[in-house]
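Trainee: I am new to this model and would like to go through it slowly, one question at a time. Could we begin once it is on the screen?

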Amino acid sequence: MISREQVLIFLREKQEYEGGYTGNDLTKLAKLIIVTPFGLRRRLANWIKTDKEFSQFTYLGKEKPSVTLSEFFKIEQELASNPIQVKKGIHEDLQEQRNEQNQKPLSKPTFYRAAKQKILSMYCSESYNWFKAKKIPFPQNYSLEKNRESLQTIFTFSDLKTYGGANIDAIYQRLIKAKEAFSIYNVDANRFYPEILSRRKFLQKLLGSIPPNQQLEAQAKLIFEIQATYIIRCKDLLLGELIHELGRSKQSDNASRQTVENQLRTAALGSIRKDLKEMDESGKIDPHIIKKHANVLIDEEILARIELLRKHSGAYRSILKHLNDLTNNMTSGVKFQRKEARTIYQLATGEITWDKLNEQGKRSIARKPDLMKAIDLENTDIVPLIAINRLIDYIRKGKITFDESYYFQDIGERLRNVDLNLEDCYLTPEILDQFIDGTYQINGFPTFDIPTTEIEASDDDIPTTWTDLSDILKEISTYIRSSNPTWFKEHEELFKKQTDGLFWIEYSEEEFAQRLYDSIGFLGRNFRYRDSEEFYSLKYFIQRYLSAATLKLELGFIHRCIEQLSNKKIECVVIDTMGIDARIKSILSDYHGRYHTIGFADLRAVSIDMTPIYSGVCRSTDSEAMNIVEVIDEVKEICGDNVSIYTGNGHTTTKISAGMAFLSHGVIAGGRIHYEPTWNLEDSAISRLKNNILLLNKVGKLLRDEPELGRVMAMRKHVYVDKLNVRNMVDDFGYLILKNVSKMAFPIDDICNAVERSNNLKKKARIVEGSRTRVEPDEAELLLKSGELILCIVGLYHLLKGWKGHGSPINLSDVRLIRPA
């Protein structure tokens, strides 16, 4: 008789101390309890099927493998996070660990056998385990071909425009179709969006690099992530376009308001003249007529507003219908942050009527006594229209938030869950007191070295020698790798992170470096694949390996080399935008007022001596604050913690931008301020700041961990944590910063002139097709960053050669970008 308890205790000990049991262990146990090994194995197999306590044990094979217990835990940890990642990466990590400890290498067969056993023990299968790891019910009738095709037909932003703007009906219908297609997974898309966010621009390219009949499970994972991303982005687009639709109606009203008011005044004046003429002809003065004209019940300004509201009633009700359809009458996935927001919605739908409101409620809706009186005079039909107007305004400012959204999410909920350490805090009580007293020391202003000459020589100056850009790229590639011994390893680690371990670099260091720098030269000069035969061979490399993060990493390597050669540390950066004309006019295209382009904007950050640091795609209508956290985060990642000040060219610095930049990265905002910050904050505002320093630092930590939330914070006027408007506090703190900055003499005009010269230099690098781009904004970022890299590569080359030419070493005057035919 085989004792169940004796076998159970034996296997528990093996599992605890050795990570599982072997066939030899069972043979020894059989001898100990005086049974045959065959009989013990049969009984154990039955217990594993029928007894939960036995099913948890791991079988390691006939003999004990050379994999240690800690290595088993490492394998388990990696496979738990992503079971379909390339196992080669885990094996190389374990090999490196063994080398450091002077242990024998781990053989590949032993490792892969252990990994396979671990996958089987964790997921009971070898297919679609990523979905099981993420607790996503995998659809039974899943069709990879159909879902991949849906990325071109459903999960796409094409064909969503009409003449004059976005087609809101089409966007809504596309979102409904996308959610219906995504419903096969039976999960919420917003649950996965934060971890996809940093990789979302790379996913489509990565999927495109996989042939349809290969790596099926990796394809399924990427398709799921692209679909989840689309759900969130499409909903944000719809909400944004509903806000813009209301804005367009307001613009139309503002353009025609004066005309309508004049028409009403003309009609009123005609009525007065007519009545006066009748009194004159009759020879009698009628006091009732005089009283009627002397005491007008509703003046022309209010009448014009009522008429214009009625004119756009169809558009307003269409906006409300889309909101109701999207949220099941505002009951699903919606949070009313304030009680008045719910009341406004009830007024918009007619659930509450004007006559049910008290005097205070009526005043809060109408806001003007004259309008309130006009509504009481049989104009209650405009109340729902006013409420819809206010409802959209509340969504825009953050009084109403949405669950399955990123830009309209509840930031307050995220702030409550932020874990804060002392090293995460840039704001202390002492620093706050200095800002309040106006004594905060802003360092770096006197040390600015602003170039006063042109960056390049004139076009008439012919260089003594020309250097082909291709030769420069080869030389700098070699120099960068020799100066940074960990260059290839860092690229491997980044690629593993970017692809979530799905792929591994298949090139040697030399091959990877050559293709990387050839790709930078190709993209940075704005070429097309068909411009040269040599470019065709780069298509796969760019699709599989090139991302914004890859170019950012390379820019960091180049900056470190420039810093070592020039012995200059970057302390201040200048931010500016250039309008980029796009060949593809997508629904996300905008008009840039300063450059008169239709497409998007190239948001740049350069040092005071015009060394390029950052380049990214943003909408031409974006404010500085919407992107400032992302820019500063990348700048500090490339240049280090010496960066302490930023300024802007051609725009004003706002309170929210100044507050977010300091709280997230300790950087001071300089630049133009469109008002004189001379007044002092109210005592209540200062008291709120002093009592909530911890909460302000939580804002900074959240923005630092997820820089794209800076856009969300900048778009709002209300972010509530326990009924406290945190957004207002960040504004108040930003005002204190600007008040201190306004006391400094800052040469903003000289900086602006220097930045424009740098912008012109980048245009020369991208001179093909007049700098127009032929790709979508997500793809365009690679072109723009590559353009900055070319400028930095040329600057580093000139420093290495001992630059003695005109102006800055970041200079294209002696570089042959394109060989004339």
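**Salt bridges, a strand and helices**

Trainee: What is the relative accessible area of Arg414?
Mentor: Arg414 is partly exposed, a class lying between buried (under 20% relative accessible area) and exposed (over 50%), with a 1.4 Å probe and protein chains only. This is a predicted model, in which local features need pLDDT of at least 70 and side-chain atom pairs count only at pLDDT 80 or more, while totals for chains, interfaces and linings use all residues. Residues are numbered from 1 along each chain as its sequence is written, and side-chain values use heavy atoms, with hydrogens and water left out. For Arg414 the relative accessible area is 24%.

Trainee: Which residue meets Arg414 in a salt bridge?
Mentor: A salt bridge here is a side-chain nitrogen of Lys or Arg within 4 Å of a carboxyl oxygen of Asp or Glu, and for Arg414 the N to O distance is 2.5 Å. The pair links parts of the chain that are 292 residues apart, since Arg414 is in helix 21 (residues 411-416) while the partner is in the loop between helix 32 (693-705) and helix 33 (709-715); helices (H or I, at least four residues) and strands (E, at least two) are DSSP runs numbered from the N terminus. The partner counts as buried at 11% relative accessibility, and the residue is Glu706.

Trainee: Which residue forms a salt bridge with Arg199?
Mentor: The closest N and O atoms of this pair are 3.0 Å apart. Arg199 lies in the loop between helix 11 (193-196) and helix 12 (200-208) and its partner in helix 13 (residues 216-282), so the pair ties together parts that are 26 residues apart in sequence. Both residues are buried, and the partner of Arg199 is Glu225.

Trainee: How many residues of strand 6 are buried?
Mentor: Strand 6 covers residues 572-581 and is mostly covered. Of its 10 residues, the number buried is 8.

Trainee: At about what angle do helix 10 and helix 16 pack?
Mentor: Helix 10 (residues 168-182) and helix 16 (residues 313-327) have axes 12 Å apart, where axes are lines fitted to C-alpha atoms over the stretch in contact and angles run from 0 to 180 degrees between N-to-C directions. The contact (heavy atoms within 4.5 Å) is made by Ile168, Asp169, Tyr172 and Leu175 of helix 10 and by His322, Asp325 and Leu326 of helix 16. The angle between the two helices is about 5°.

Trainee: What is the C-alpha to C-alpha distance in space between Met372 and Val383?
Mentor: Met372 has its place in helix 19 (residues 369-376) and counts as buried at 11% relative accessibility. Leaving aside residues up to four places away in sequence, Met372 touches Trp354, Glu359, Lys362, Arg363 and Ala366. Val383 is 11 residues from Met372 in sequence, and their distance in space is 9.9 Å.
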